[in-house]
Amino acid sequence: MSERKNDVWFEPKRYGYGAGMPVSWQGWVLIIGYVLLIVLGVLLASREEDVWLTVFLILIVPVTAVLLYISALKTRGGWRWRWGDDD
């Protein structure tokens, strides 16, 4: 399966399972956007009203699932266990 350079947003981890560091601007935007959403959610959840905490907890799971799905699709060679050998 040949992957074009533009289709890869993340390099695979050398050891273990999953994605490593972003290698394109799209990967960096995805990670920075996720972190900003988490920070915003924590700030809203820290208010006195319990509704913000509930909204944050309900939304964090699907948002994290989307992040993991996209990063798995856009990692060179996909996600699999790696032992540090050259691929």
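1. The buried residues in question are Phe-56, Leu-67 and Ser-71. Please keep in mind that this is a predicted model.

2. Helix 2 itself runs over residues 50-73, 24 residues in all. From first C-alpha to last it reaches 36 Å, close to the 34 Å expected at 1.5 Å a residue. Have a look at Ile-60, where helix 2 bends by about 30°; a proline, Pro-62, follows within four residues.

3. How do the two helices sit against each other? Helix 1 and helix 2 pack with their axes 9 Å apart, at an angle of about 170°. Angles over 145 degrees count as roughly antiparallel, and the pair is therefore described that way.

4. On the helix 1 side, the residues that meet helix 2 include Leu-30, Tyr-34, Leu-37 and Gly-41. Their counterparts in helix 2 include Trp-52, Phe-56, Ile-60 and Leu-67. Tyr-34 is worth a click: leaving aside residues up to four places away in sequence, Tyr-34 touches Ile-60, Val-63, Thr-64 and Leu-67.

5. Tyr-34 and Leu-67 also belong to the largest nonpolar core, together with Trp-9, Phe-10 and Leu-30, making 5 residues. In soluble globular proteins, nonpolar side chains tend to be buried together.

How values were computed:
Residues are numbered from 1 along each chain as its sequence is written. This is a predicted model: local features need pLDDT of at least 70, side-chain atom pairs count only at pLDDT 80 or more; totals for chains, interfaces and linings use all residues. Side-chain values use heavy atoms; hydrogens and water are left out. A nonpolar core is a set of buried Ala, Val, Leu, Ile, Met, Phe, Trp, Tyr and Cys residues joined through side-chain atoms within 4.5 Å. Buried means under 20% relative accessible area, exposed over 50%, partly exposed in between (1.4 Å probe, protein chains only). Contact means heavy atoms within 4.5 Å. The expected span of a helix is 1.5 Å times one less than its number of residues. The bend at a residue is the angle between axes fitted to the seven residues ending there and the seven starting there. Axes are lines fitted to C-alpha atoms, for helices over the stretch in contact, and angles run from 0 to 180 degrees between N-to-C directions. Angles under 35 degrees count as roughly parallel, over 145 as roughly antiparallel, 65 to 115 as roughly perpendicular and the rest as oblique.
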